[in-house]
Amino acid sequence: MDVAVFSSKPYDRTFLAAAAAGQHRLTFLEPRLTAQTAVLAQGAAAACVFVNDQVNAAALATLQGLGVRLVALRAAGYNNVDLGAAQRLGIAVAHVPAYSPDAVAEHALAMILALNRNIHRAWLRVREANFALEGLLGFNMRGRSVGIIGTGRIGAALARIMLGLGCRVMAHDPVPDPDLAVPYLPLEEVLATADILSLHCPLTPRTRHLIDAAAIARMKRGVMLINTSRGAIVDTPAVIAGLKSGAIGHLGLDVYEEEAGLFFEDMSDELIRDDVFARLLTFPNVLVTGHQGFFTTEALTAIAATTMANITAFEATGRPLHAVGA
Ligand code: NAI
């Protein structure tokens, strides 16, 4: 099948070409998919997209006009796809439901430990021969309360890691996991009791700005908040206010509501025009990574394999292996 691969980076080429094994003809395109760039899919029957591609009604209409019949996400989350429009246009949508939950869970762990022990600050200090410890005080993880919002594949993986560290883990999820030996509590209770809160629910109309000023007001003073899920689950200006007042003691973000124009690109020669994002970077107790939770060899191998399996199944049966519907 001819596949137009949008937002492709050198690492995508390496892993996708290996997984395609000559079975599909991949055209690697650097631009993100938007209504304007959709024409680049000319000649392709499938468009392969990532998290910040704008798979909106206009882009889908152009894709359909070109003969594209499948949108294959090389990601788990599909909040950037207008599923209703895809259905109306007869375009199938596929995703990669579970490629490596451990990759993201372990990144959340890395953020928690780095923030707690101020590794990001220590690294800078030691390079300047500053071996003073003031400002680097951390806390033991054993016995701390960790609240996990969303215990799907990633949240459950993190819950198990935190149990291994001796933390007291509690969770909130409308669909509890019976195999996960942690108490499930109402959201308010998790917010009020956790020393560390980690977000692992998908972005939906219900979870958009789940963490807003009212939610922050319920949290323990000095809470550590980690978001490796989707940026818009957090109301960033509310979180900045929480950091300024001390309500939030540590913040770890792998995702950001307005990341689409920033992340995955080298912006070091540009001015950052997003003042909210720029403000976040000024706090010593904030650690931001550019959506790299998925970025392990194992995860990229699995993403590429499932993406190709979706395309192969669609070519053979008219249905991808892992379809998502409106
Ligand atoms: P999943 O579908 O296995 O689990 C999501 C869980 O959230 C489900 O158990 C669901 O019941 C729960 N949930 C839904 N609404 C909720 C609510 N209002 N409150 C609490 N829980 C709620 O998804 P998975 O694989 O664990 O991924 C979670 C999210 O992580 C994805 O939606 C995606 O946005 C994000 N992600 C981030 C990556 C990164 O690189 N930073 C990579 C992969 C995923």
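Colleague: What volume does the largest cavity have?

Modeller: About 80 Å³. Keep in mind that this is a predicted model.

Colleague: OK, which residues line the largest cavity?

Modeller: The lining is made of Tyr11, Asp12, Phe15, Leu16, Phe50, Arg74, Phe294, Leu300, Ile303 and Ala304. Two elements, helix H1 (10-20) and helix H11 (297-317), each give two or more residues to that lining.

Colleague: Which element gives the most?

Modeller: H1 does, with four residues.

Colleague: How does the lining split by class?

Modeller: Eight residues are nonpolar and two are charged, with no polar ones.

Colleague: What does a ligand oxygen find at Ile154?

Modeller: A polar backbone atom of Ile154, 2.8 Å from an oxygen atom of the ligand.

Colleague: And what about side chains, say Arg230 and His291?

Modeller: For Arg230, a side-chain N or O atom is 3.3 Å from a ligand oxygen. For His291, the distance from a side-chain N or O atom to a ligand oxygen is 3.5 Å.

Colleague: Last one: how much of the ligand's accessible area does the protein cover?

Modeller: The protein covers 86% of the 880 Å² that the ligand has on its own.

Key. Residues are numbered from 1 along each chain as its sequence is written. This is a predicted model: local features need pLDDT of at least 70, side-chain atom pairs count only at pLDDT 80 or more; totals for chains, interfaces and linings use all residues. Side-chain values use heavy atoms; hydrogens and water are left out. On a 1 Å grid over the protein atoms alone, a cavity is a set of points where a 1.4 Å probe fits but cannot get out, and a pocket is an open set with protein on both sides within 12 Å along at least five of seven lines; lining residues have an atom within 4 Å of a point. Grid points are joined across faces, edges and corners, and a volume is the space filled by probe spheres set on the points. Ala, Val, Leu, Ile, Met, Phe, Trp, Tyr, Cys and Pro count as nonpolar, Asp, Glu, Lys and Arg as charged, and the others, Gly among them, as polar. A polar contact is a pair of N or O atoms within 3.5 Å; within protein, one must be able to donate a hydrogen and the other to accept it, and residues adjacent in sequence count only if both atoms are side-chain atoms. Accessible areas come from the Shrake-Rupley method with a 1.4 Å probe; for residues, only the protein chains shown count as cover.
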